[in-house]
Amino acid sequence: MSSAGAEITLTFDNGPEPEVTPGVLDVLRRRGLRATFFVMGRKLADRAGWALAERAHAEGHWIGNHTFTHGGPLGEQPDEDRVAEAEIGRTQDLIGALAHPDRLFRPVGGGGRIGPHLLGRATLAYLQRHHFTCVLWTAVPGDWRDPDGWVERALTQCAGPSPTVLVLHDLPGGAMRHLDRFLGVLADRGYHFPQAFPDACTPIRRGVPQAPMDAYVTTGPPSGTKSR
């Protein structure tokens, strides 16, 4: 089956992990591919984690912000004003000079769901005020929960409408031992791997909403208030 001309943007969430991320970087380097790593702040606070993010950056990969603790979708968090700074701001400070000029941020989806749980109104205001680019996704094959079965599911998801923004995870568990085989199948089918994100997956670019945000922002009461 050929998919000549179809495009897949590769992303890896929830790292860096010393036991896994080096292997992922080795595979990408051998295949001449560049991806984006959406890192967790608490892992960057560790010297080994920072070194891996630094290596990824040096090898041409983009480094994005995936919150400090990955504690759940921000639109569901109480005291959201404080949480936005603690989860996004603190992580961005740790990313520092490794940051992409667009200040890439990926919200926590809670299993890959897209909906108004992703952001609250305070988080949206924070992203706008600090000129972040919000990056979503189109394909989440669940590699973290099915380390052997995810490949076939990912191939099916990537066969959908192009372009695809694919979410994988550089986490322990064994899923990434299949990465090279998976990428080989895609290459044999004629896929291309641009690093840039399609407009449909970036509802905010450098702090400016590109479309109505109702689909991604909870309509609950503002942080610190109680509904009546």
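The charged end of arginine 90 sits over the ring of phenylalanine 68, at 3.5 Å from the ring centre. A charge is taken to sit over a ring if NZ of Lys or CZ of Arg is within 6 Å of the ring centre and within 35 degrees of the ring normal. Arginine 103 likewise lies over the face of phenylalanine 132, 4.5 Å from the centre of the ring. The model is predicted: local features need pLDDT of at least 70, and side-chain atom pairs count only at pLDDT 80 or more, while totals for chains, interfaces and linings use all residues. Residues are numbered from 1 along each chain as its sequence is written, and side-chain values use heavy atoms, with hydrogens and water left out.

Rings of Phe, Tyr and Trp (its six-membered ring) are paired if their centres lie within 6.5 Å; planes under 30 degrees apart count as stacked, over 60 as edge-to-face and the rest as tilted. By this rule there are 6 aromatic pairs. The centres of phenylalanine 12 and phenylalanine 37 are 5.2 Å apart and their planes are at 20 degrees, so this pair is stacked. Phenylalanine 12 belongs to strand β1 (residues 8-13) and phenylalanine 37 to strand β2 (residues 36-39), so the pair ties together parts 25 residues apart in sequence. Strands (E, at least two residues) and helices (H or I, at least four) are DSSP runs, numbered from the N terminus. Both phenylalanine 12 and phenylalanine 37 are buried, that is, under 20% relative accessible area, with exposed over 50% and partly exposed in between (1.4 Å probe, protein chains only).

Ring pairs also link Phe38, Trp62 and Phe197 into a cluster.
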